[in-house]
Amino acid sequence: MRSPRSLVGGSPAAAHTITFDGRELSALPGQSVAAVLWGAGILAWRTTREGGAPRGAFCGIGSCYDCLVTVNGRANQRACLVPARPGDSVTTQEGTGRAELAV
């Protein structure tokens, strides 16, 4: 039986590491940050501005903004769209992700 991999002759590249709130996670090339977090059993990585309710991926296609994280110090990154790159530091985003706004 032929598989997509056998048709193109590809094989997965080596895994790399990212960190989430200081925890090392294994990521495969091409995975989104959300996929890496899901694979590690992490389902929520943001809190809402009003009330601090936990959020994670909802739509998975970048339309809803529920999956916002801070990547390498940059807030408001959609985890479902951002590719996980070697050495990325991902942190839980609280509220707007911008402490200086004091919201």
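Does Gln 93 count as buried or exposed, and what is its relative accessibility? At 0% relative accessibility, Gln 93 counts as buried (buried means under 20% relative accessible area, exposed over 50%, with a 1.4 Å probe and protein chains only). Keep in mind that this is a predicted model, where local features need pLDDT of at least 70, side-chain atom pairs count only at pLDDT 80 or more, and totals for chains use all residues. Residues are numbered from 1 along the chain as its sequence is written, and side-chain values use heavy atoms, leaving out hydrogens and water.

**The chain as a whole**
- You'll find 2 helices and 8 strands here, in the order α-β-β-α-β-β-β-β-β-β along the sequence; helices are DSSP runs of H or I with at least four residues, and strands are runs of E with at least two.
- The C-alpha trace spans about 55 × 25 × 20 Å along its principal axes.
- Of the 103 residues in the chain, 32% are buried.

**Around Gln 93**
- Gln 93 sits in strand β8, which covers residues 93-94.
- Its side chain makes a polar contact of 3.4 Å with the side chain of Thr 70 (a pair of N or O atoms within 3.5 Å, where one must be able to donate a hydrogen and the other to accept it).
- Leaving aside neighbours within four places in sequence, Gln 93 is in contact (heavy atoms within 4.5 Å) with several residues, among them Trp 45, Arg 46, Leu 68 and Ala 75.
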